[in-house]
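Trainee: I have just opened this structure. Please show me how to read it, one feature at a time.

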Amino acid sequence: MSSMRAGSLFAIVVVLGLVQATMAASPKANPDAGKKIYLESCQSCHGPTGKGDSDMAAYLTPPPANLTAKATQSKTDAQLRKTILEGRPGTAMSSYDGAFEESQLADLLAYIRSLK
Ligand code: HEC
């Protein structure tokens, strides 16, 4: 009887451990990972530090947004996300729909927020 109890106690500990491991692995926005994506996909226009000061900027009308500026930082995550996913018609900002995993998008946003 007592060995059965020990067995089910063991099972409970294992299940709790799994739940914890799953929670730890759940996506948490990582600005450093976002920076890597930014440097690969966005800096050619928005500049190395997001100020919109890339070499390309001189050739674009309107110029790429200064992501560090209040005008951008005062927008909600949902608004920034929408622009990244849909692009902005009439500007060089194209749609990144399907380009990133949900977690990568969260990392990108976390990086943009770190620029303010
Ligand atoms: C080909 C140039 C180009 C690239 C590459 C580019 N952007 Fe843009 N981006 C722009 C332009 C141009 C605008 C629009 C500026 C405006 O509306 O005045 C813009 C606007 C934005 C805005 C909206 C800012 C605001 O205040 O509303 C966000 C956010 C943004 N870009 C993020 C990104 C991210 C993240 C990437 C990389 C995944 C990226 N952009 C890649 C040119 C670019």
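**Reading the model**

Mentor: Start with one residue. Leu108 touches Gly34, Ile37, Tyr38 and Phe100, leaving out residues up to four places away in sequence. Touching, or being in contact, means that the C-beta atoms of two residues, placed from the backbone, lie within 7 Å. Keep in mind that this is a predicted model: local features need pLDDT of at least 70, side-chain atom pairs count only at pLDDT 80 or more, and totals for chains, interfaces and linings use all residues. Residues are numbered from 1 along each chain as its sequence is written.

Trainee: How many helices and strands are there in the protein chain?

Mentor: Helices (H or I, at least four residues) and strands (E, at least two) are DSSP runs, numbered from the N terminus. Here there are six helices and zero strands. The order from the N terminus is α-α-α-α-α-α.

Trainee: What share of the residues in the protein chain is buried?

Mentor: Count the other C-beta atoms within 10 Å of a residue's own, with C-beta atoms placed from the backbone: 20 or more is buried, 12 or fewer is exposed, and in between is partly exposed. Of the 116 residues in the protein chain, 16% are buried.

Trainee: Which residues make up the largest nonpolar core?

Mentor: The general idea: in soluble globular proteins, nonpolar side chains tend to be buried together. A nonpolar core is a set of buried Ala, Val, Leu, Ile, Met, Phe, Trp, Tyr and Cys residues joined through C-beta atoms within 7 Å. The largest one here has 10 residues: Tyr38, Cys42, Cys45, Ala65, Leu67, Leu105, Ala106, Leu108, Tyr111 and Ile112. Helix H6 (residues 102-114) gives the largest share, five residues.

Trainee: How far does H6 reach from its first C-alpha to its last?

Mentor: Take 1.5 Å times one less than the number of residues; that is the expected span of a helix. H6 has 13 residues and reaches 19 Å, close to the expected 18 Å. Its buried residues are Leu105, Ala106, Asp107, Leu108, Tyr111 and Ile112. They pack against helix H2 (31-41) and H5.

Trainee: Which residues of H2 are buried?

Mentor: Gly34, Lys35 and Tyr38 are buried in H2. Now look down the axis and take the arc of the directions from the helix axis to the C-beta atoms. The buried residues of H2 fall within an arc of 105°, so they line one face of the helix. The face turned away from that buried side carries the exposed residues Asp32 and Glu40. The buried residues of H2 pack against H3 and H6.

Trainee: Which residues come nearest to the ligand?

Mentor: A residue is near a molecule if its C-beta atom, placed from the backbone, lies within 6 Å of it. There are 21 residues around the ligand, and Cys42, Cys45, Ala65, Thr72 and Met93 come nearest. H3, H4 and helix H5 (77-86) are the elements that give two or more residues to this shell.

Trainee: What classes of residue does the shell around the ligand have?

Mentor: Ala, Val, Leu, Ile, Met, Phe, Trp, Tyr, Cys and Pro count as nonpolar, Asp, Glu, Lys and Arg as charged, and the others, Gly among them, as polar. The shell has 13 nonpolar, six polar and two charged residues.

Trainee: Where is the cis peptide bond?

Mentor: The cis bond joins Thr61 and Pro62, with omega about -5°. Pro62 sits in the loop between helix H3 (43-46) and helix H4 (70-73). Pro63 is in the loop between H3 and H4 too.

Trainee: Why does Pro63 count as partly exposed?

Mentor: Pro63 has 17 C-beta neighbours inside 10 Å, so it counts as partly exposed. Setting aside neighbours within four places in sequence, Pro63 is in contact with Gly52 and Ala57.
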